[in-house]
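Please examine the sequence and the structure shown here.

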Amino acid sequence: MRRIAIPVAASSLILSLAGCGVLGATGDSGDASPTKGNDLTVGLLLPEKANTRYDKFDHPIFEKKVAALTDNQGRVEYANADADAARQETQLQAMIDNGVDVIVLDAVDAKAVAGGVRKAKDAGIPVIAYDRLAEGPIDAYISFDNELVGEVQGRTLLEELGSGTAADRIVMMNGSPTDPNAGQFKQGALDELEGQVTIAKSYDTKDWKPENAEANMAEAIDEIGADNIAGVLAANDGMAGGVIKALEAAGVTELPPITGQDAELAAVQRILTGEQFMSVYKSYPQEAEAAAEMAVARVQGRDIQFDALTRDRVDSPTQQDIPSQLVTVVALTADNIKDTVVADGIYPVSDICTADYEEECAAAGLK
Ligand code: BGC
């Protein structure tokens, strides 16, 4: 996928447009008359529940933003597919049948969903791909810089290994092969790791499920030997949890460095205790709020705002030059918990620093 990332410029332009009153209540695009006012319905399709971000952040943040943008008149029709691509197809069809005004889609299977995207398009319903790049004729895409996520994981792991040596054996626990992000995370990490360490085992994890990662890790331990594993590149926090369970079940007390992604609360606490070495913090408000703005702008015919929100361009296997926004990411370690998830209001200190973590919280300056 080609990336032209200028997310900061895009969001500051939005702020300045809003400040100038260009985004007035009646819309002001110049080249399209608004088709709808605030009485609109947005379909939101999210992929799964095994990882906490969707229920805890993406869905509620998105809903709140749609309400704020529509004077509390806009509705969000929400469905979660629970990692089942067939179920998501049914949910997508139901939204088309219900005549929602726009669909924001985080695909379980980016390829398999293309037919459904085409049906929505034929019914005159724009589709915005959310987080994962769905195939088929989408109007726009909002995500993070997913290759950078993998690069950050790989680079931070190498730093922790003291640059690593070719003798260091690493296990790679990648995401679901139906998710194009998983391939990008993997590629970004490999760009850093290849030639520096030995990738002793590499798995693509069905449905991104922590229990599948745990089973794969148990197999890797059997084959390589727990003591011979220098580090684990786990693509997200849920799977890092599964990896840790497998290592502990094998009697490992000194865990090797294990990466993650998503800044899940349990992972932030594991980072404090040293069980998990790092995560990647991705600003859910930036992604979900921008998605809500794009969806509402599209329905209301505010083309200037829509264009300003989607100034990057990416290609999918079925479409070129998709208007996009790619938000940047940051490595999360014990050193910057305060400056990232706490500063952004993702977790109040009281959620992280429960009784079990008092000492670690004090050491990390989180009191
Ligand atoms: C998302 C990750 C998430 C994973 C599993 C990916 O597409 O970008 O944040 O952990 O899916 O749901």
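## Residues with positive phi

Asp321 counts as partly exposed, at 41% relative accessibility. In this predicted model, Asp321 is found in strand 11, which spans residues 319-327. Most residues other than glycine have a negative phi.

Ala83 is another non-glycine residue with a positive phi, in this case near 65°. Ala83 lies in the loop between strand 2 and helix 3. With a relative accessibility of 15%, Ala83 counts as buried, because the cut-off for that class is under 20%. A positive phi, near 80°, is also found at Gly124, which follows helix 4.

Helix 4 comprises residues 114-122, and within it Ala114, Gly116, Val117 and Ala120 are buried. These residues lie on the same side of helix 4, because they cover an arc of only 160° around the axis.

Against which elements do the buried residues of helix 4 pack? Their partners are helix 3 (85-98), strand 3 (102-105) and strand 4 (127-130).

## Two buried strand residues

Asn80 belongs to strand 2, residues 75-80. The relative accessible area of Asn80 is 9%, so this residue is buried. The side chain of Asn80 makes a polar contact with that of Tyr78, at 3.1 Å. When residues up to four places away in sequence are not counted, Asn80 touches Leu46, Pro47, Glu48, Lys49, Tyr54, Asp55, Arg87 and Gln91.

Leu233 is placed in strand 8, residues 231-234. It counts as buried, at 2% relative accessibility. Leaving aside neighbours within four places in sequence, Leu233 is in contact with Gln153, Gly154, Leu157, Ile170, Val171, Met172, Met173, Ala189, Leu193 and Thr259.

## The disulfide

The structure holds 1 disulfide, which joins Cys353 to Cys361 with an S to S distance of 2.0 Å. A disulfide is a covalent bond between the sulfur atoms of two cysteines.

The link of Cys353 and Cys361 is left-handed, with -95° about the S-S bond. Are these two cysteines, Cys353 and Cys361, buried or exposed? Both Cys353 and Cys361 are buried.

## Overall architecture

The secondary structure of the protein comprises 14 helices and 12 strands. Of its 367 residues, 56% count as buried. The accessible surface comes to about 14800 Å², and 47% of that area belongs to carbon and sulfur atoms.

Among contacts joining residues at least 6 apart in sequence, 72% are between residues at least 24 apart.

## Confidence of the model

The average pLDDT of the protein is 91, and 90% of the residues score at least 70. Over residues 5-33, however, the pLDDT is below 50. Beyond near neighbours in sequence, this stretch has 37 contacts in the model.

Terms used. Residues are numbered from 1 along each chain as its sequence is written. Side-chain values use heavy atoms; hydrogens and water are left out. A disulfide is a pair of cysteine sulfur atoms within 2.5 Å. Buried means under 20% relative accessible area, exposed over 50%, partly exposed in between (1.4 Å probe, protein chains only). Helices (H or I, at least four residues) and strands (E, at least two) are DSSP runs, numbered from the N terminus. Contact means heavy atoms within 4.5 Å. Accessible areas come from the Shrake-Rupley method with a 1.4 Å probe; for residues, only the protein chains shown count as cover. The arc is that of the directions from the helix axis to the C-beta atoms. A polar contact is a pair of N or O atoms within 3.5 Å; within protein, one must be able to donate a hydrogen and the other to accept it, and residues adjacent in sequence count only if both atoms are side-chain atoms. pLDDT is the predictor's confidence in each residue, from 0 to 100.
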